[in-house]
Amino acid sequence: MEPIITKLFDLFLFGGKDFALFIISMVPFVELRGAILYGAAMHMPWLHVFFLSLLGNLLPVPFLICLARPLFGWLKSTRLLAGVTHKVEARLMDKADKVEKYYAMGLFFFVAVPLPGTGAWSGSLIAALLNMKMRHALPAVIAGVCVAGLIMTVVSYGLFGVIRFF
């Protein structure tokens, strides 16, 4: 059985590798981390993969920060999705304690550490649920995604492969 990332990537290959990588980096849970790994596996140039994944991962962030709270409110008012929405919100808020304590710095570190469930989507949703102002949340998420992208690029391409560029 093929991994889900391979199926996702193959689904978007009609637009070429760049398009597929860009779209994959926007998918929750896969995000920039999975896109960079897959770009490395496809032997794509690391700098190209880094920036394409970064742009794709950051594109939904402002929309998530602005629209998550009203969307969660509406979803919780529906019969069909109320239970799932409450569970998702509870899981996000369980992760939010450090973010809440350290505010923008906490959000930055939350997003920057490339672990499952700590990407731009989770960070943006937590920022929205904590009512963080866009001027604080957006730079923190952007910086965190950049750091996570650098870490993943070095891990995926190897330190010497990245240094060779310079």
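Which residues touch the most other members of the largest nonpolar core? Of its 39 residues, they are Val-99, Leu-107, Ile-126, Met-132, Val-141 and Val-145. A nonpolar core here is a set of buried Ala, Val, Leu, Ile, Met, Phe, Trp, Tyr and Cys residues joined through side-chain atoms within 4.5 Å, with buried meaning under 20% relative accessible area (1.4 Å probe, protein chains only). Among the helices that each supply at least two residues of this core are α2 (17–24), α3 (31–41) and α5 (61–77).

This is a predicted model, in which local features need pLDDT of at least 70, side-chain atom pairs count only at pLDDT 80 or more, and totals for chains, interfaces and linings use all residues. Residues are numbered from 1 along each chain as its sequence is written, and side-chain values use heavy atoms, leaving out hydrogens and water.

Let's look at two helix pairs. Helices are DSSP runs (H or I, at least four residues), numbered from the N terminus. Axes are lines fitted to C-alpha atoms over the stretch in contact, and angles run from 0 to 180 degrees between N-to-C directions.

| Helix pair | Angle | Axis distance |
|---|---|---|
| α4 (46–58) and α9 (134–157) | about 145° | 10 Å |
| α6 (82–95) and α7 | about 85° | 10 Å |

α6 and α7 are therefore roughly perpendicular (65 to 115 degrees) to each other. Met-93, Asp-94 and Lys-95 of α6 make this contact with Asp-97, Lys-98 and Phe-110 of α7, where contact means heavy atoms within 4.5 Å.

Where α4 meets α9, the residues include Leu-54, Asn-57 and Leu-58 in α4 and Val-145 in α9. Not counting residues up to four places away in sequence, Val-145 also touches Leu-32, Val-111 and Ala-120.

Conventions. Buried means under 20% relative accessible area, exposed over 50%, partly exposed in between (1.4 Å probe, protein chains only). Angles under 35 degrees count as roughly parallel, over 145 as roughly antiparallel, 65 to 115 as roughly perpendicular and the rest as oblique.
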